[in-house]
Amino acid sequence: MFIRLAEQHRQFVQDLVMNLQALAIVLERRGYLASCYTCGGQMTSASFMVSLGDNHLIRFLVSDYGITWTEMRDDRELMKLEGAEAISQLQELANLVKYQMEVSGCCAVSAKTD
């Protein structure tokens, strides 16, 4: 059972890394400064960052050790989420991109009003 769960987790992380890479490409094409760096060819971890303008930065980290979403404005941390909450916030960003809405007012503002 544990071997199966470990393999499922590895596959989950790889899928998440591939989606982060795709999101970075889409954001760059829409004019945002975005990047997704991975270590090695196994895609076991990634660092995704996007600048939403006005000193508004989002960093999403994924590895075997965990998943975090950090949102900053003017070098101050607005919000830090981990695990499923971090992935939900990433989905909100992806939905904004998918529906071609303005991303600059994104995430912390809308998350606080829920």
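Is Glu7 buried, exposed or partly exposed, and what is its relative accessible area? In this predicted model, local features need pLDDT of at least 70 and side-chain atom pairs count only at pLDDT 80 or more, while totals for chains, interfaces and linings use all residues. Residues are numbered from 1 along each chain as its sequence is written, and side-chain values use heavy atoms, with hydrogens and water left out.

**View 1. The salt bridge of Arg10 and Glu7.** Glu7 is partly exposed, at a relative accessible area of 43%, and Arg10 is partly exposed at 39% (buried means under 20%, exposed over 50%, partly exposed in between, with a 1.4 Å probe and protein chains only). Their side chains meet at 3.4 Å, N to O, where a salt bridge is a side-chain nitrogen of Lys or Arg within 4 Å of a carboxyl oxygen of Asp or Glu. Both residues lie in helix α1 (residues 2-29), 3 residues apart, about one turn of the helix; helices are DSSP runs of H or I with at least four residues, numbered from the N terminus.

**View 2. The contact of helices α1 and α2.** The axes of α1 and α2 (residues 83-98) come within 11 Å and cross at roughly 35 degrees, the axes being lines fitted to C-alpha atoms over the stretch in contact, with angles from 0 to 180 degrees between N-to-C directions. Residues of α1, including Phe12 and Leu16, meet residues of α2, among them Ile87 and Leu90 (contact means heavy atoms within 4.5 Å).

**View 3. Confidence in the model.** The mean pLDDT, the predictor's confidence in each residue from 0 to 100, is 88 for the protein, and 88% of its residues reach 70 or more. Over residues 108-114 the pLDDT is below 50.

Methods:
Helix = DSSP H or I, 4+ residues; strand = E, 2+ residues; numbered from the N terminus.
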